[in-house]
Every structure is written in structure tokens, then in C-alpha cells.
Amino acid sequence: MNGWFLAAAIASEVLATSMLKLTHGFSRLWPSLAVVLGYALSFYALSQALRTIPIGVAYAIWSGVGTAAIAAIGAVAYRQPITPLMGLGIGLIVAGVVILNLHRPLH
């Protein structure tokens, strides 16, 4: 169950972060509300996931997957270039998340 909370935390954080550009410095109401609600939901879900997932592992997964997802969204939605070196960095982040999941304690 806590894995689902972590997934929800990641999804809502990615949604909130991807909406930041649309707020125009928090001058537009609806995108600004989406950002605030997205981050609030993300931190709530993350706090629930921390009931059984160690904080270091949960935070590394939350931030790593979020970073990789936002880089992909930036490339697709905002046409921001990803250089080969940036792609390597994103790949290393994903590899780190996989390693953390394979070797985290199961208590």
C-alpha cells in the first residue's frame, strides 16, 4: 500500500512542477491552484509512504523519478533540448532509483 502512496506523491509532484511555468509567476489563478494543491497532495502522500519506507529511500525515489519525469515533460511539452550528457545524467538517476528499489530493506 505504501508503494501506492509513493507513486501518488511522485505523480502529484510531477503534475504540480509541470504546471509551474503556466502560473506566470503565480499571477494566473487556476494553474497556481493546481500547483499548490499538487504539492500539498504530494507531501501528504509522501508522509503516508514514510510509514514503512525509509525516508532516505523514499525521498531518493520521489525526487529521482520526479526529476527524470520533469526532464521528459520539459523536452516534449516545452521543447527543451536534452543533450547526450543530460540524457546520461537522467539515465543514471533512473539506474539509482532501480538500485534503491532492488536493495532496500523489506521491513
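**Helix packing and backbone**

Modeller: Helix 1 and helix 2 cross in a left-handed manner, meaning that the near helix is turned anticlockwise from the far one by less than a right angle. The model is predicted, with local features needing pLDDT of at least 70 and side-chain atom pairs pLDDT 80 or more, while totals for chains, interfaces and linings use all residues. Residues are numbered from 1 along each chain as its sequence is written, and side-chain values use heavy atoms, with hydrogens and water left out.

Colleague: How are helix 1 and helix 2 oriented to each other, roughly parallel or roughly antiparallel?

Modeller: Helices here are DSSP runs (H or I, at least four residues) numbered from the N terminus. The axes of helix 1 (residues 2-19) and helix 2 (residues 29-49) are 7 Å apart and meet at about 160 degrees. Angles over 145 degrees count as roughly antiparallel, so the term for helix 1 and helix 2 is roughly antiparallel.

Colleague: Which helices are included in what covers the buried residues of helix 1?

Modeller: Buried means under 20% relative accessible area. The buried residues of helix 1 include Leu 6, Ala 9, Ile 10 and Val 14. Their cover includes helix 2 and helix 3 (55-77).

Colleague: Which residues is Ala 34 in contact with, leaving aside its neighbours within four places in sequence?

Modeller: Ala 34 belongs to helix 2. With a relative accessible area of 24%, Ala 34 is partly exposed, a class that lies between under 20% and over 50%. Contact means heavy atoms within 4.5 Å, and beyond those neighbours Ala 34 is in contact with Ala 16 and Met 19.

Colleague: Is His 24 buried or exposed?

Modeller: His 24 sits in the loop between helix 1 and helix 2. Its phi is positive, about 50 degrees, although His 24 is not a glycine. The relative accessibility of His 24 is 52%, so His 24 counts as exposed.

Colleague: What is the phi of Arg 79?

Modeller: Most residues other than glycine have a negative phi. Arg 79 lies in the loop between helix 3 and helix 4 (84-102), and counts as exposed at 75% relative accessibility. Arg 79 is a residue other than glycine with a positive phi, near 55 degrees.

Notes:
Axes fitted to C-alpha atoms, helices over the stretch in contact; angles between N-to-C directions. Helix = DSSP H or I, 4+ residues; strand = E, 2+ residues; numbered from the N terminus. Parallel < 35°, antiparallel > 145°, perpendicular 65-115°, else oblique. Buried < 20%, exposed > 50% of the residue type's maximum accessible area, 1.4 Å probe, protein only.
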